[in-house]
Amino acid sequence: MVELELEQYRRERSFATALVTALTFFAFLIHGYHPYAEDGGIYLPEIKRLLDPGLYSFGAEFVVGHLRYSVFASLMAGLVRESHLSLEVVLLLVHLTSFWVTLFAAWVLASRCYTSREARGGAVALLAVWLTIPIAGTSLMLMDPYVTARSISTPCALLALVGALQFLLPRFEMEGEQGERRRGLALCCGALVGAGLMHPLMGAYAMGSVLLLWAVLSTNRLVRVWGTVGLGLTAVVVAAGVQLASPVESAEYQRVMLTRSYWFLSQWHWYEWIGLAAPLMILGVVALGRGRGVDAARVGLARVAIASGVTAIVVAALFAREGAAVHQVARLQPLRNFQLVYVVMILFVGAALGERMLRRPAWRGVAAFSMLAVVTLLVNRATFPASKHLELPDSLTWNAGDGGNRWEKAFLWIRKNTPKDAVFAMDANYAVLDGEDAQGFRAIAERSSLPDYSKDGGTASNKPALTEEWSQGISLQTGLGREFDAGRFAALKSIGATWVVLERKAATGFGCAYENDEVKVCRLP
């Protein structure tokens, strides 16, 4: 009997491997690839600095400050050195691998919750289609269309849940059970360590979910109830302790911190609040179920997601407030715990769609998922309208005739035609200007720059020592280029800037070394 179950299990694994591989490339085509954009533009410079210490000699604290507790940059640099491949190729391979492992872990989770292949396929297919969905108002996507530490911590978190389920609910009886439990425990522990090393904050949230799963799936009713409640209360007490132990914040730092609107529920839009409530309501329907086997796993995961989501909301409402004396808990962004909530919710919704639409005739289900994929593709194209959908290695050129993002072309020209010690100034909000598409200057140009409002503001809000430097840079660069201002250019030069990047229509009063139909690059006289 055990051998028969194992053989069926191996066949399912082979099918899952083929399906997940196909869905990985399908997801890659839907969501695009933008290695230099948004948070990708934050992580890349530190990797490049490890590979070439001569880069970013000015303002290095904005390049390395956010990764001081992670081994992600060191790992990526090590892969480049050992593989003798370019950094761009290594990042692409890591990106595809992270998608594959995430989808495979999702398949295994779905297989613990559903018996039919249609339900499992629907669950993973919907996740592949919605892989870059925003997580309410947290400024976080489920997975990113570029490589960051979360690209590795997210699949590790899902594998930790897979291992925990394997340990708590072994599938095979008799002589196979103990071996499966040991393998599950090893997988869970290893995955948690991996998540913690890549992204300590997300690793801690993953560990909390594993502990909740242990309590929820306990055979002892007392442990189920009081273990779940106790873990939630422990999170609240720990948050209170963190808040009380935090040093007093300066008024200047508080002004910097309040620019991060996604930290505070009070600054969210109404539809972002729905992004918190709707998944919990959907999961609540599943959490009310009872049973054993796949039903126990399904109900258990739903209850874990609800418990972790509600706990995150309570902690955020109590401590992550604009008017609080200190904002250490806000900096920890407890609502990022909703990443797990979204994964579980998507799997259950996808499974329901798969059971209803992938049965014969299967073409109806394929058509439905294809329509969802087209909608997602259109949204992703609208997010990066001026950039190529797939920014593959060696696809970026500064030749204006090749199409593509004009800001990227200017940044690439800078990399090839300016000295390494050049320091650039540009509009503090350059990342949101028309046609820029949040492409990171440092990541592409490989040159130092004065701090910007968006990403460097996030670094400064997590590292109060950078407050003064960030505020000074923002003050001098806000609105840069709207009108010729010799005094401002002189002030920029006095704090280290040697070049400026401006919109082409900007008045300068001096010559520029490069320009295209959107951007010009000028050396300060």
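At 0% relative accessibility, C522 counts as buried, where buried means under 20% relative accessible area, exposed over 50% and partly exposed in between, with a 1.4 Å probe and protein chains only. The model is a predicted one, in which local features need pLDDT of at least 70, side-chain atom pairs count only at pLDDT 80 or more, and totals for chains, interfaces and linings use all residues. Residues are numbered from 1 along each chain as its sequence is written, and side-chain values rest on heavy atoms, with hydrogens and water left out.

The structure contains 1 disulfide, a term that stands for a pair of cysteine sulfur atoms within 2.5 Å. This bridge connects C512 with C522, at an S to S distance of 1.9 Å. The link is right-handed, with 75 degrees about the S-S bond. Distant parts of the chain are tied together here: C512 lies in the loop between strand 3 (499-503) and strand 4 (514-515), while C522 belongs to strand 5 (residues 519-523), 10 residues apart. Strands (E, at least two residues) and helices (H or I, at least four) are DSSP runs, numbered from the N terminus.

C188 is buried, with a relative accessible area of 7%, and C189 is partly exposed, with 41%.
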